Amino acid sequence: MNLSELKRLVVSGECEQVEFKRSTGQRTEAMKTVCALLNGLGGFVLFGVTDMAEIVGQETSSKTIEDIAHELQRIDPPAFPDIETVKLRSGKSIIVLRVPGGGGPYTYDGRSYTRHGPTTRPMPSS
């Protein structure tokens, strides 16, 4: 994904297939959304974008990506979203998780999640 594609995705705002997180400090909540996207139509989780659709970026390193990959290991069955970074002029980056959909059911820490519009919710127990 390049910067112009990223801007087009962000300008549309959060929706059933797009989730914004200001930083990877919110990665636990983000992984619940990844789980929900895997259980649904797929989509994108963007780190470095505020809830108000402001592209702020964040400092990234190989450890940042390792932390995300480690958190993804808590999803069962194993899932492997594409992880890419988009460099900003400020030197910071946006981390983009491109999540395939249509599979599942997937769980995160033993719980399934679903998307309802721009929100992630636990699936009801059956």
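Guide: Let's start at the hairpin made by β7 and β8, which has two residues between its strands. In that turn sits G117, with a positive phi of about 60°. Before we go on, this is a predicted model, so local features need pLDDT of at least 70 and side-chain atom pairs count only at pLDDT 80 or more, while totals for chains, interfaces and linings use all residues. Residues are numbered from 1 along each chain as its sequence is written, and side-chain values use heavy atoms, with hydrogens and water left out.

β7 covers residues 113-116 and β8 covers residues 119-122; the two run antiparallel and four bridges join them. Across the pair, Y113 faces P122 in β8. Two strands count as paired here if DSSP finds at least two bridges between them. The strands themselves are DSSP runs (E, at least two residues), as are the helices (H or I, at least four), and both are numbered from the N terminus.

Now for the sheet. Four strands make up an open sheet, in the order β1-β2-β5-β4, with mixed pairing. β1 (18-21) and β4 are the edge strands: each has a single partner, so one side of each has no neighbour in the sheet. From one strand to the next, the twist averages 20°. β4 and β5 run antiparallel and are joined by six bridges, with V86 standing opposite I94 in β5. Packed on this sheet is α2, which touches β1, β2 and β5, and its direction makes about 170° with that of β2. Those axes are lines fitted to C-alpha atoms (for helices, over the stretch in contact), and the angles run from 0 to 180 degrees between N-to-C directions. Touching, or contact, means heavy atoms within 4.5 Å.

What's buried along it? In this helix, residues 62-72, you'll find T64, I68, E71 and L72 buried. Looking down the axis of α3, these buried residues fall within an arc of 110°, so they line one face of the helix. The arc is taken from the directions that run from the helix axis to the C-beta atoms. Buried means under 20% relative accessible area, exposed means over 50%, and partly exposed is in between (1.4 Å probe, protein chains only). On the other side of α3, S62, K63, E66 and H70 are exposed. E66 gets its label because its relative accessibility is 51%. And what covers the buried side? The cover includes α2 (27-39), β2 (43-47) and β5 (93-99), along with β3 (75-76), β4 (82-87) and β6 (107-108).

Next, charges. Side chains of opposite charge can pair when their charged atoms come close. The rule for a salt bridge is a side-chain nitrogen of Lys or Arg within 4 Å of a carboxyl oxygen of Asp or Glu, and by this rule there are eight. D67 is partly exposed, at 23%.

E29 is partly exposed, at 43%.

R74 is partly exposed, at 33%.

Last stop, the cysteines. A disulfide here is a pair of cysteine sulfur atoms within 2.5 Å, and a search of the whole structure finds zero. C15 is in none, as the nearest cysteine sulfur, that of C35, is 18 Å away. That gap is too far for a bond. C15 is partly exposed at 32%, whereas C35 is buried at 0%.
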